[in-house]
Amino acid sequence: MAGRYAPRTVLAHLIQRRNQTYSEIVAEFVELGGTITERHLRRLASGERAGTTPQTRRTLQRMFGKPVEELLAPYVPEQAAQVVPAPAASGRITTGNEMEVLDMAASRARAFALAAQTGLGSEAMEQVYDDVRHVAKAYPQRPLPEILGQLVETQDLVFALLESRQRPEHLRQLYFLGGVTGGLLAKASHDLGNPHAALTQARTAFLCADNADHHGLRAWVRGLQSLVSYWAGNPHDSVRYAQLGAGYAEQANSTTSVWLPVSEARAWAALGNPDATRAALERAENAWASVRNDELDDMGGLCTFGRNRQLYYAADALAWLPGEMETAERYSNQAVDAYTDQSHPEWAFGDAAGSHAAMAITRIASGELDGAADAIAPVLGLPAERRINGVVHSARRVHQALRQSGRADDARELQEEIEMFTRTPIQSFPR
């Protein structure tokens, strides 16, 4: 039975009133089509975690008859609610949304496959891989609030599996997946403007990469650390992390061998060093000759680095350097064109926005204020849930370029639009 402690949340109180163990609640949760680990349920009930996927929220509401916001609220004894029994599982789910029903059925099958084995088998391991791959592919294309709960739960699942007894041959695979999910959460922390949390996640991800002995994953995590440092305004750290990963990338010969030098290039550009910038960009281009995809690249999405992103990074780098505006303009035009097709597998809203910002900066340098306004317009039209940290900083760079152009009075209206845009970054958006 659930222990008779003072419940911290309404959810903990209701579980206690049911006189059931957490494992029994999890089993019932699965019967209703949800997927949750006992560890995650305990953390929700204790108030340690509030992040949940839409499917988890729906299933908890079905079980307890209350919205998740109320279930996770602090428990006040005098306001204790009556227990609402879970609806009996029926043979037919009538939500009116066929895709939602299919998602619930797939989640139920996944939970059963994982729970039915004392040690992970090949089918269960394939399922965990598929969960991580799904989030990695979705990350660059979907608003962060839509996938953050799923990402947190996926990491929670991988860590729970690592903490339980597993076959030796599966440990390396689980550490690999732990490194990937940690890296994705490092990016999420960065996107929400929390570089400290981002670097903490990245250090754990690198530990997992070491335990998996995976050179490509080590290099990828170093790339994430370089990215976080660049946008946090620490270009020297960004250069250092990119260089620390270079040896691993050389051994992996994955797309990280392109990502790391091009990341180093834009950090050098932020430091005002055109020679080092050009040299790093050249190394990135030359690296393509020896690239062969590894299992990290095969994850897709944020786990691989394609030519479209290379164009954006080059444009972003060269836009820092007054003497490189002609080249920066060429790269930014190519990058904007590359990100026009939103159905392309490499499309990413953040990189598309950064490409438009770089184009705007090159047009400001040429005195084309109307052209700059046209270039930045798609960025300023992004909804709040897509105003991630890098996008907001890119818009601020355009604002800075306008201030330094000597035509600030002519560009006052555009500056005000950018200021309005940056006042509502994603961390202020209700999720």
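With a relative accessibility of 9%, L302 counts as buried (under 20% relative accessible area, where over 50% is exposed and values in between are partly exposed, for a 1.4 Å probe and protein chains only). The model is predicted, so local features need pLDDT of at least 70 and side-chain atom pairs count only at pLDDT 80 or more, whereas totals for chains, interfaces and linings use all residues. Residues are numbered from 1 along each chain as its sequence is written, and side-chain values use heavy atoms, with hydrogens and water left out.

L302 is located in the loop between α14 (274-287) and α15 (307-318); helices are DSSP runs of H or I with at least four residues, numbered from the N terminus. Neighbours within four places in sequence aside, L302 is in contact (heavy atoms within 4.5 Å) with A136, Y139, P140, L184, K187, W220 and R309. The C-alpha atoms of L302 and Q141 are separated by 9.6 Å, although these residues are 161 residues apart along the chain.

The side chains of H13 and Y75 are joined by a polar contact of 3.3 Å. Such a contact is a pair of N or O atoms within 3.5 Å; within protein, one must be able to donate a hydrogen and the other to accept it, and residues adjacent in sequence count only if both atoms are side-chain atoms.

Two packed helices are described by the angle between their axes and the distance between the axes. Axes are lines fitted to C-alpha atoms, for helices over the stretch in contact, and angles between N-to-C directions run from 0 to 180 degrees. The axes of helix α17 (residues 349-365) and helix α18 (residues 369-380) cross at roughly 165° and come within 8 Å. α17 is therefore roughly antiparallel to α18 (an angle over 145 degrees). On α17 the contact is made by A353, H356, A357, M359, A360, R363 and I364, and on α18 by G371, A372, D374, A375, I376, P378 and V379. These residues comprise 10 nonpolar (Ala, Val, Leu, Ile, Met, Phe, Trp, Tyr, Cys and Pro), 2 charged (Asp, Glu, Lys and Arg) and 2 polar (the others, Gly among them).

Helix α12 (residues 235-252) and helix α13 (residues 256-270) pack at an angle of about 160°, and their axes are 9 Å apart. α12 is thus roughly antiparallel to α13.

Key
Helices (H or I, at least four residues) and strands (E, at least two) are DSSP runs, numbered from the N terminus. Angles under 35 degrees count as roughly parallel, over 145 as roughly antiparallel, 65 to 115 as roughly perpendicular and the rest as oblique.
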